[in-house]
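Subject: Structure handover

Hi,

Here is the structure for you to look over. My notes follow below it.

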Amino acid sequence: MYTPKKMAAGITGVASVLWLGLTAAVAASQRRLVFNPTVEREVQSPRSSGHRTRQVVLRSKDGTRLCGWLMTPQVQGPRPAVIYFGGRSEEVSWVVRDAGKLFPNMTVLAMNYRGYGESHGDPAETHMIEDGCAFYDWLAARGMVDSQRIAVVGRSLGSGVAVQVAKERPVHSVVLITPYDSILAIAKRRFRAMPIEYMLRHRFESIKYAPSLKAPTYVLRASEDDVVPHSHTDELVSKLAQLVADDTVPNSDHMNIPYLEATQALIASFLTRRFSQPVTPPVLPPASVPEPAEANNC
């Protein structure tokens with residue numbers, strides 16, 4: 001006989017199966033939840049009005065082809081440099097177009113992550129950090145770059161890459177656009193009923209590394225951000241060891257903030273001021289990640 005007690009047990013069993021199934025689905029699709037690679041170029045033939053522009057291909061430690069652009073200023077002599085790390089869905093050709101306003105008189109390296117743009121491979125946190133450190137080493141070894149003045153700029157997901165590269169390399173300055181405390185914290189907020197901490201591999205826990213950053217750090221928030229709530233930025237900011245400023249860009253949201261003239265002017269002004277100051281070389285252990293080999297153009 002099918003009693004109410006058995007019925008309740010049956011409903012509980014079904015609910016448990018559904019919960020386990022949903023948990024398994026989240027675990028299996030976490031790469032798609034964290035990364036959303038864009039393959040199509042945002043700008044088909046990107047050129048910087050303020051730089052000499054060339055497309056480059058670098059080989060990662062494991063031989064993966066990574067494609068992007070190197071922009072060098074028209075002025076002579078070693079120049080300060082910037083490495084840009086994009087967001088979750090971002091293909092970085094637009095940085096080339098806007099580099100003259102964003103990074104005046106600076107060498108700029110903008111590379112697409114694995115699986116983004118024309119870069120090969122699959123995205124993963126470990127690869128992004130490893131590749132980012134290798135980009136730093138490659139850029140620092142170039143004659144036209146002042147190796148003591150290399151900044152990292154990270155937007156959204158890329159803020160987590162920039163923070164970890166800044167922990168591993170003697171970067172001069174850090175700019176974080178719509179940064180978060182950790183992807184894990186945001187995922188736990190979104191999937192409250194799931195043991196997300198046991199499933200998520202790509203955690204980007206910037207808050208763990210923030211206290212150890214030695215480089216002056218500038219934070220830019222969107223006035224309206226429905227992707228990274230300000231509370232998650234607050235947590236990160238509270239832990240940053242060298243916070244210089246924390247600004248909110250008016251009339252901005254998570255998607256449009258890097259394209260706005262106000263944002264670009266703030267970033268250009270911050271980096272120009274920082275690069276103009278005297279440098280005291282930091283003492284750090286030798287680099288642990290080999291620099292990438294340059295290959296033929298994409």
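Start with the lining of the largest cavity: Leu66, Phe85, Asn112, Tyr113, Arg114, Met128, Asp131, Gly132, Phe135 and Val161. Keep in mind that this is a predicted model. The volume of the largest cavity is about 50 Å³. By class, its lining has 6 nonpolar, 2 polar and 2 charged residues. H4 gives the most to that lining, with 4 residues.

The count comes to 4 cavities of 30 Å³ or more.

In soluble globular proteins, nonpolar side chains tend to be buried together. The largest nonpolar core here has 47 residues, and Phe85, Leu139, Val152 and Phe204 touch the most other members. Helix H4 (residues 125–140) gives the most to this core, with 7 residues. Another core, of 28 residues, lies apart from it, with Ala151, Leu220, Ile257 and Leu271 among its members. Phe85 touches, among others, Tyr113, Gly132, Phe135 and Val161.

Last, proline 250. Its place is in strand S8 (residues 243–253). Buried or exposed? Proline 250 is exposed, because its relative accessible area is 55% and the cut-off for exposed is over 50%. Beyond four places away in sequence, proline 250 touches Ser223 and Leu260. Proline 250 and leucine 260 are 10 residues apart in sequence and 9.7 Å apart in space, C-alpha to C-alpha.

Best wishes

Notes. Residues numbered from 1 in each chain as written. Predicted model: local features only at pLDDT ≥ 70, side-chain atom pairs only at ≥ 80, totals over all residues. Heavy atoms only, no water. Helix = DSSP H or I, 4+ residues; strand = E, 2+ residues; numbered from the N terminus. Buried < 20%, exposed > 50% of the residue type's maximum accessible area, 1.4 Å probe, protein only. Contact = heavy atoms within 4.5 Å. Core = buried A, V, L, I, M, F, W, Y, C linked by side-chain atoms within 4.5 Å. 1 Å grid on protein atoms, 1.4 Å probe; cavity = no way out; pocket = protein on both sides within 12 Å on 5 of 7 lines; lining within 4 Å. Points joined across faces, edges and corners; volume = space filled by probe spheres on them. Nonpolar A, V, L, I, M, F, W, Y, C, P; charged D, E, K, R; others polar.
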